[in-house]
Amino acid sequence: MRAAVLTEFHAPLAVRDDVEIDEPGPGEVLVRVAASGICGSDLKAIDGKSPVARRLPAILGHESAGVVERVGAGVTMASPGDRVIIAMTGNCGRCEPCRRGAYGGCRSPIRLSQLGQMRDGTTRLRVDGQDAYPFIGIGSFAEYAVVNEEVLIRVPDALPLAQACLLACGVITGVGAVLNTAQVQPGSSVLVVGAGGVGLNVLQGAVLAGAARIVIADVNPDKLPLAEAFGATDTLLSGEDLPDQVGKIVDGGVDYAFDATGVPGVLAKAFAATRDGGTTVMVGSPPNEPISLMPQQLFFNRTLKGCAGGGGLPARDLPRLIDLVASGRLDLARLISATVPLDGINGAIDEVRAGRLARAVVTF
Ligand SMILES: [Zn+2]
Ligand SMILES: [Zn+2]
């Protein structure tokens with residue numbers, strides 16, 4: 001099959017047509033990929049900075065949707081022809097943490113997919129006869145992916161797969177950070193730092209939650225008009241004195257601040273921009289650097305939270321998000337700044353890196 005392969009870090013992906021993929025094993029499903037968004041985590045993997053993409057060759061891509069082609073033995077959660085989103089995690093529902101509702105702690109071997117392995121510890125991909133590893137167990141910069149049945153979420157016919165794919169990472173992460181992690185209250189004030197793919201979805205979440213004041217900040221002024229169109233009440237060109245800039249808009253600081261940049265130093269500034277008792281959420285993948293905070297600020301009842309994949313549960317949250325898209329309360333179409341064929345992936349990655357695209361989607 002055709003796939004974009006990461007054979008060495010810091011290098012362009014190699015688009016090849018001879019990547020081998022096995023038939024799905026027990027509990028596994030072969031999905032024909034229709035669309036896969038290019039996310040900041042893919043870029044981090046290319047740069048060798050992702051703790052879950054250490055082994056090469058790797059097939060990146062983890063924000064995807066497609067159509068079920070074939071199912072392995074014993075599969076009950078999907079059938080050939082199903083239009084599906086491939087979620088980033090699934091839960092077994094049977095282990096002790098799952099039964100307590102502590103889904104993040106699921107101990108099922110399906111969680112091996114986070115490291116690019118199937119539940120039996122092997123991989124279904126080969127490049128030049130050598131095992132290849134699908135990023136987060138997905139590897140959707142490819143015509144096909146073999147995934148565990150637990151990660152598939154059905155998509156209604158009315159929703160184009162090129163839009164549905166965005167729900168799998170950028171949307172569930174951004175909206176989930178607001179609704180699950182921070183639990184933003186109606187009438188509150190929100191700061192979003194970073195107006196890229198994830199930040200715009202934090203913004204959409206804040207609108208859904210009924211925030212009265214939504215301030216969005218970015219270092220790139222070109223990104224701010226789109227943020228306004230998504231419902232930001234105030235936009236800021238973020239500078240060194242971000243907390244002061246925010247204080248001039250919301251006296252005393254905001255109720256909730258979200259760092260959607262992953263840039264070292266930004267989280268501390270977002271934290272300092274909250275009021276006494278405020279909550280700050282680190283959204284998306286973290287920088288590999290310590291966080292420097294003033295304990296004095298923490299003392300005044302502030303909260304700092306992390307949030308992996310929107311702090312929720314894809315099997316519960318993705319169907320809700322699909323319903324919100326259907327009712328017109330969540331906008332996917334305007335998040336997409338470009339669609340490219342697989343051959344155009346390296347050019348699109350360069351554009352995303354340069355901050356010229358909010359979200360680029362590879363379509364097949
Ligand atoms: Zn992602
Ligand atoms: Zn479990």
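Reader: How far apart do the end C-alpha atoms of residues 4–362 lie?

Author: They lie 11 Å apart. That span is 25% helix and 26% strand. Helices (H or I, at least four residues) and strands (E, at least two) are DSSP runs, numbered from the N terminus. The model is predicted: local features need pLDDT of at least 70, side-chain atom pairs count only at pLDDT 80 or more, and totals for chains, interfaces and linings use all residues. Residues are numbered from 1 along each chain as its sequence is written, and side-chain values use heavy atoms, without hydrogens and water.

Reader: Which residues are the protein donors of the zinc ion (ligand 2)?

Author: Donors are N, O and S atoms within 2.8 Å of the metal (3.2 Å for Na, K and Ca); water is not among the atoms, so sites may look incomplete. Here they are the SG atoms of Cys92, Cys95, Cys98 and Cys106, 2.3 to 2.4 Å from the zinc ion.

Reader: What is the geometry of the site of the zinc ion (ligand 2)?

Author: Ideal angles for four tetrahedral donors are 109.5 degrees. Four donors count as tetrahedral if all angles lie between 85 and 135 degrees. This site is tetrahedral, with angles of 103 to 117°. Cysteine 92 lies in the loop between strand E7 (83–86) and helix H2 (96–100), and cysteine 106 in the loop between H2 and strand E8 (125–127), so the pair ties together parts 14 residues apart in sequence.

Technical notes:
Chains lettered and ligands numbered in written order. Tetrahedral: all angles 85-135°; square planar, octahedral: opposite > 155°, others 65-115°.
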